[in-house]
Amino acid sequence: MNPFSLVGKTILVTGASSGIGRAVAVSCSQQGATLIITGRNEVRLAETFSMLEGVNHLQISADLTLADDMDKLVEQLPKLDGMVNNAGIAKPLVLQLTETEDVNEIMQLNALAPIHLTRLVLQHKKLNKGASLVYISSVNGNNCAYIGSTIYAASKSALTGFMKGVALELAPRGIRANCINPGMIETDLLKDGAVGQEELESDRLKYPLKRYGKPEEVAYAAVYLLSDATQWITGSSLLIDGGYTLQ
Ligand SMILES: NC(=O)c1ccc[n+]([C@@H]2O[C@H](COP(=O)([O-])OP(=O)(O)OC[C@H]3O[C@@H](n4cnc5c(N)ncnc54)[C@H](OP(=O)(O)O)[C@@H]3O)[C@@H](O)[C@H]2O)c1
């Protein structure tokens, strides 16, 4: 008996077309899960799809900021044993230069989309008893803050607050909800040029383990929280930050 196995479980992963979401989808498939992967970019989503082990996976493209797309996604879903709400954006912005549209864009994808997706899968009875809901939050807004990402911090702490309510409300059905709070992870989010390479290199050295995390290191935590090994863990936030917030 392997308590970490995902054999027989059907799992939805949002933002699966790159970075952490891709790694989560691939790791879940390696543990035997059937995946439904979603994202907007069909080419990158298909790349992830080709990396999945096993059969019977499904890819559905959807923009989670559009109500119609979300409704169509939920309609197509089979019954789920797990859902990883991972899609998110980080937009470096000081508050003084932040416009209404910036606030709406970040809150819409990082906080409102997982709220509505969770609400809809519940209302459409798409969650099996014992399902596990995982939300990719962040150290930012929960364990620390960074200058230039105040709205992002607000979106991620909103997500964590939401997760706690969900955990309490759905516990009688045996459905669990937990967050993962990563520190900086090496993904395309870092390659958008917003932060220079030199600055990134000196920032990496601020981590006690002297590097940023890898997408797989977040994925393994997601596998853990989705698995039956964590049947008594709900409402928690798992910190994965190479010791960053110890200091
Ligand atoms: N990287 C880090 O250092 C770090 C640290 C802490 C937390 N996180 C969180 O981890 C999550 C994944 O980040 P990442 O680093 O893997 O970033 P990433 O590589 O940029 O991935 C973001 C994912 O979100 C999807 N997405 C973006 N806008 C979307 C929309 N409107 N509708 C549906 N999907 C959308 C993207 O797919 P499409 O473009 O195909 O839509 C992509 O698959 C985010 O929630 C982020 O806040 C990241």
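The model is predicted, so local features need pLDDT of at least 70 and side-chain atom pairs count only at pLDDT 80 or more, while totals for chains, interfaces and linings use all residues. Residues are numbered from 1 along each chain as its sequence is written.

Helix 4 (100–123) packs against helix 5 (residues 150–170) at about 15°, the axes being 9 Å apart. Helices here are DSSP runs of H or I with at least four residues, strands are E runs of at least two, and both are numbered from the N terminus. Axes are lines fitted to C-alpha atoms over the stretch in contact, and angles run from 0 to 180 degrees between N-to-C directions. The two helices are therefore roughly parallel (an angle under 35 degrees). On the helix 4 side, the contact (C-beta atoms, placed from the backbone, within 7 Å) includes Val-103, Ile-106 and Met-107, and on the helix 5 side Leu-159, Phe-162 and Val-166 are among the residues involved. By class, this contact has 12 nonpolar, 3 polar and 2 charged residues; Ala, Val, Leu, Ile, Met, Phe, Trp, Tyr, Cys and Pro count as nonpolar, Asp, Glu, Lys and Arg as charged, and the others, Gly among them, as polar.

As for the lysines, Lys-125 has phi near 55° and sits in the loop between helix 4 and strand 5 (127–136). With 8 C-beta neighbours inside 10 Å, Lys-125 is exposed (12 or fewer other C-beta atoms within 10 Å, with C-beta atoms placed from the backbone). Lys-210, with phi of about 60°, belongs to the loop between helix 6 (197–204) and helix 7 (215–226). Lys-210 is exposed too, with 10 other C-beta atoms within 10 Å.

Note on methods: A residue is buried if 20 or more other C-beta atoms lie within 10 Å of its own, exposed if 12 or fewer, and partly exposed in between; C-beta atoms are placed from the backbone. Angles under 35 degrees count as roughly parallel, over 145 as roughly antiparallel, 65 to 115 as roughly perpendicular and the rest as oblique. Two residues are in contact if their C-beta atoms, placed from the backbone, lie within 7 Å.
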